[in-house]
Amino acid sequence: AVAVARPRGEEVREAALVRDLVPATLRRFESPHDITPRTHLLSNGRYTVMVTAAGSGFSRWGDLAVTRWREDTTRDCWGSFLFLRDVETGDVWSAGFQPSGTEADVYEVVYSEDRAKIMQRHRSLSIALEIVVSPQDDAELRRLTVTNLDSHDREIDVTSYAEVVLAPQGADEAHPAFSNLFVETEFVPELGTLLATRRPRSAIEPQVWLALLAAVEGETNGDPQYESDRARFLGRGRGVRAPLSVVGGGALSNTAGTVLDPIVSLRHRVAIPARGTVNLVFTWLVAPSRKEALESAEKYRQPATFERESSLAWTQAYVQLHHLRINRDEAHLFQRLANRLLYADPTLRATPQDLARSRGGPSGLWAYGISCDHPIALLSIETEEDLQLVRQLLRAHEYWYRKGIAADLVILNAQGTSYAPGLQESIEAMVRAIQSAAGHEDHSEHGGVFSLRADLVPRRDQILLRAAARVVILAHRGTLAE
């Protein structure tokens, strides 16, 4: 679907000079503490990872939740985590602020289009976590770089942890205990890989396999350990902030099979010389069969695979931005908007008066084709000059679609009643053109675009629409960034 252009020689030379002068656009945070978690989305179009500045988040494959996640701004304790424990002193850290909650001397988070990076420095340890999604396979790679700042050698236990779902997010939220009953785990010792799969409940339900493995650059002590039972990992009466198997220093049970509360956890003990550094690459991958999962696991056992996949992820990310005609600043702006879709934030919600006056539920919007199954972004425009904002939000909606985020975009034409249909026709033509250029007309799985005329929508339904929307943008207030 990419158009081929053959520019003149002088145009190529000028463009190359311009590219050399354009610096990379990044989002940086120096604290994990925010009222609303600051999110970043990574995706290859099939496999999606959301990570917050504190290190939590989720992984999804299509419409299936790979790991358990809830929209919880208070605890923010859901995601795929990496624990570190000093064998000698018993000190415990995590690769991000979550879930251990250990305050770092220096904490920095950097978001770019192709990766997320969390860096923290403690008195005796420097920890860096880099996350990318493979463009080729449905896999996420998390490279943990640990530097020993002490003047003596140390041994560090590195333990991964993630709760397994492999089911639609809605089904897991409705009955997580029932969903857990169908998950089985298995350890493949020759590959050092922990597998998890969900037994199909019907003949037409496809079977999905999750694999977790680790590749270590450096010296390890002992064989890898694994755990698949959440109750054993956490311990009685404990949570993920201080699990008994990490804080207590005991060995993992090395058991797999059918458990009541499945997780995937691997542990490697690494030796780090004084002022030395080790790298561990943990890979979570999903495949439609056990054979394909093991074939992919064989490839990701090599530590050098991270550099190759990282380079491919960078290439894919910026080629996709060019194809969607989105610049880097716009991409970060769209990521910030997606943040409000994932976590309810009062900054872009309707006014408290509209929220108090709203009556009825989602069924009030069904007449307009809006199911309310997905978060809603509402744009209200009044003049032809606002069409630039419509075009920008349509690109944002396509960007979210490519990142695996389901959202409904509602464009409310608030122009006064008139027999001239110019503005409404322009909006509808723009929507058709964007969807046609993207190569698909139906966004039902990942949200749709709805164009409504305010003079045909009763005031009661307009208030309901504003109250239901997580993002409300009024065009007369300026540009999208403003």
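Reader: How many disulfides does the structure hold?
Author: This is a predicted model. A disulfide needs a pair of cysteine sulfur atoms within 2.5 Å. The number of disulfides in the structure is zero.

Reader: Is Cys 77 buried or exposed?
Author: Buried means under 20% relative accessible area. Cys 77 has 16% relative accessibility, so Cys 77 counts as buried.

Reader: Which residue of β9 is the bridge partner of Ser 112?
Author: Strands β8 (residues 106-112) and β9 (residues 115-121) run antiparallel and are joined by seven bridges. The partner of Ser 112 in β9 is Arg 115.

Reader: Why is β14 described as largely enclosed by the rest of the structure?
Author: Strand β14 spans residues 193-198. On one side, Thr 193, Leu 195 and Thr 197 are buried; on the other, Leu 194, Ala 196 and Arg 198 are buried. Both faces are therefore covered, and the strand counts as largely enclosed because the buried residues number six of six.

Reader: Which residue in the hairpin of β13 and β14 takes a positive phi?
Author: β13 and β14 run antiparallel, joined by six bridges. Among the pairs, Glu 186 has Leu 195 of β14 as its bridge partner. Four residues lie between the strands of the hairpin, and the one with a positive phi near 60° is Gly 192.

Reader: What is the bridge partner of Ala 196 in β15?
Author: β14 also runs antiparallel to β15 (residues 209-217), and four bridges join them. In β15, the partner of Ala 196 is Leu 210.

Reader: At what angle do helices α8 and α10 pack?
Author: Helix α8 covers residues 328-342 and helix α10 covers residues 387-402. Their axes are 10 Å apart, and the angle is about 70°. That makes α8 roughly perpendicular to α10, because 65 to 115 degrees counts as such. The contact includes Phe 334 and Leu 337 of α8 and Tyr 399 and Trp 400 of α10. By class it has 10 nonpolar, two polar and two charged residues, and the packing angle is about 70°.

Reader: Which strands stand at the edges of the parallel sheet?
Author: Four strands form this open sheet, in the order β22-β21-β20-β23. Each edge strand has a single partner, so one side of each lacks a neighbour in the sheet; these strands are β22 and β23.

Reader: Which residue of β22 is the bridge partner of Val 410?
Author: β21 and β22 pair in the parallel sense over five bridges. The partner of Val 410 in β22 is Phe 450.

Reader: Which strands of the sheet does α12 touch?
Author: Seven of the 10 residues of α12 (residues 459-468) are buried, so this helix is largely enclosed by the rest of the structure. Among the buried residues are Ile 463, Leu 464 and Leu 465. The direction of α12 makes about 130° with that of β20. The strands touched are β20, β21, β22 and β23.

Conventions:
Residues are numbered from 1 along each chain as its sequence is written. This is a predicted model: local features need pLDDT of at least 70, side-chain atom pairs count only at pLDDT 80 or more; totals for chains, interfaces and linings use all residues. Side-chain values use heavy atoms; hydrogens and water are left out. Two strands pair if DSSP finds at least two bridges between them. Helices (H or I, at least four residues) and strands (E, at least two) are DSSP runs, numbered from the N terminus. Buried means under 20% relative accessible area, exposed over 50%, partly exposed in between (1.4 Å probe, protein chains only). Axes are lines fitted to C-alpha atoms, for helices over the stretch in contact, and angles run from 0 to 180 degrees between N-to-C directions. Angles under 35 degrees count as roughly parallel, over 145 as roughly antiparallel, 65 to 115 as roughly perpendicular and the rest as oblique. Contact means heavy atoms within 4.5 Å. Ala, Val, Leu, Ile, Met, Phe, Trp, Tyr, Cys and Pro count as nonpolar, Asp, Glu, Lys and Arg as charged, and the others, Gly among them, as polar.
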